[in-house]
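The following exercises concern a predicted model. Please consult the sequence and the structure before reading each solution.

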Amino acid sequence: FNNTAPEFRQAVEAWCQMAPNARFLITAPGRLGVHSEVVYRLSNLDIEEADAPALDLLLTRASAAGADPASLDPTVARALVRELDGVPLALEVTAGLLSTVPGIEILGLLREMPEDFPLRVIGLAWSRASPSHQSVLAAGAMFPGGFGGWDIEAVTGMATDDVEDAISACLRHYLMVPLDDTGMDDVHRYRLPERIRTLVLGTLDEAAIQERMLRFAEVMLALCEPWQGRVYSREAPETIARMALETRNLMEVVKFGLTERRSSPEALNLGLRALLCLQTVLLRMGPFDLLVRLLDRALSRCDAVLGTDPVLQVRVLHARGEAHRERGEMRKAAADYRRGRAIAERWTDLEGVGMCLTGRGLLEYAEGAHGPAERLLDQAVQLFRTIGQERWRGLAIGSLGVICLSVGRFDEAEGR
């Protein structure tokens, strides 16, 4: 984890409850505060020995970045290592600078800068970056879960070639790192180390962050919302895996939209849309408790903020009903479906009415009330046919087939 935010602690606590005999190895900048947590503190690299690991890292990374290690005065190199106190990230960023800035100049600039390490060298690298590189870094800082070139293009409006060149330069100078754990050969993603991301965000004022967050949210939703309809198709495994890569980015949009100090309906509606995308992943991969807490929070904000999109409110109520039904909390599920249907009927949201009818039908079936279940699902099928919503109509018809099968009406089940 790149920080010790409460949602990380809550996720680990949920995992420990689900798998009490499991042990989790987690890297983080501080304690999570989880029960039975054991902390192993990692120190900086050694800087005193003749072949100190810190010096080796500096020279190796400098060579990879295009600098000639032989041209670096050994005395200056050791002074840099001591100045940076063996912090690996600071050493790597310094190594990137050595490809364009003499070591003695870097050393002098570091000693003049007032900030504590390692932000001094990161600030120096930021000040030396070109405007296009700064623009790419500022855009990348909005994506805590990682980003691809397309994301940066969408946020900045830069041309593909310019984005690719800037990403290559930032990688070469250790200002961003590749993410190798996507599990997909055709998906290339990157992220900013947390210290660099913190510094970059610190260069933006509140208005600029607000503007960029809105743009970031729009980009994430444009990417993820079309995938929601594919989770019931033959492409489901690949689609869910791809959405899972965006979990932390979607969570950032949810947090942005559900924060109390942002009372605008625009931000809340973006947060609700992101939560509905996130639900697709959390419902299948967990942690389930986190999903329910987020849905509770979202509906609480819907009641508090005027101008919330009622269609989105219906979808969130339906999502929470599904979550309650999965947990066997039938009364709570029924209450959410009823309230969702009432709001949908008030706003002539026929798709929302059909979704809540389908949920109620599945609820009745789960409790053994086959007759009421069939009537509700038949209503939903007719409604979906009227509005041309074939995906939901197919799900309702399939559910009717399951009911027919369970009561021995095999021919009708096959027809369904």
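**Exercise 1.** How many aromatic pairs does a search of the whole structure find?

*Solution.* The search finds five aromatic pairs. Rings of Phe, Tyr and Trp (its six-membered ring) pair if their centres lie within 6.5 Å; planes under 30 degrees apart count as stacked, over 60 as edge-to-face and the rest as tilted. One of the pairs is that of Trp-15 and Phe-24, which is tilted, at 5.7 Å centre to centre and 40 degrees between the planes.

The model is predicted, and local features need pLDDT of at least 70, side-chain atom pairs count only at pLDDT 80 or more, while totals for chains, interfaces and linings use all residues. Residues are numbered from 1 along each chain as its sequence is written, and side-chain values use heavy atoms, with hydrogens and water left out.

**Exercise 2.** Determine whether Trp-15 is buried, partly exposed or exposed.

*Solution.* Buried means under 20% relative accessible area, exposed over 50%, and partly exposed in between (1.4 Å probe, protein chains only). Trp-15 has a relative accessible area of 30% and is therefore partly exposed. Phe-24, at 37% relative accessibility, also counts as partly exposed.

**Exercise 3.** Classify the ring pair of Phe-143 and Phe-216.

*Solution.* The ring centres of Phe-143 and Phe-216 are 4.7 Å apart and the planes stand at 85 degrees, so the pair is edge-to-face. Both Phe-143 and Phe-216 are buried. Ring pairs also link these two residues with Phe-147 and Tyr-190 into a cluster.
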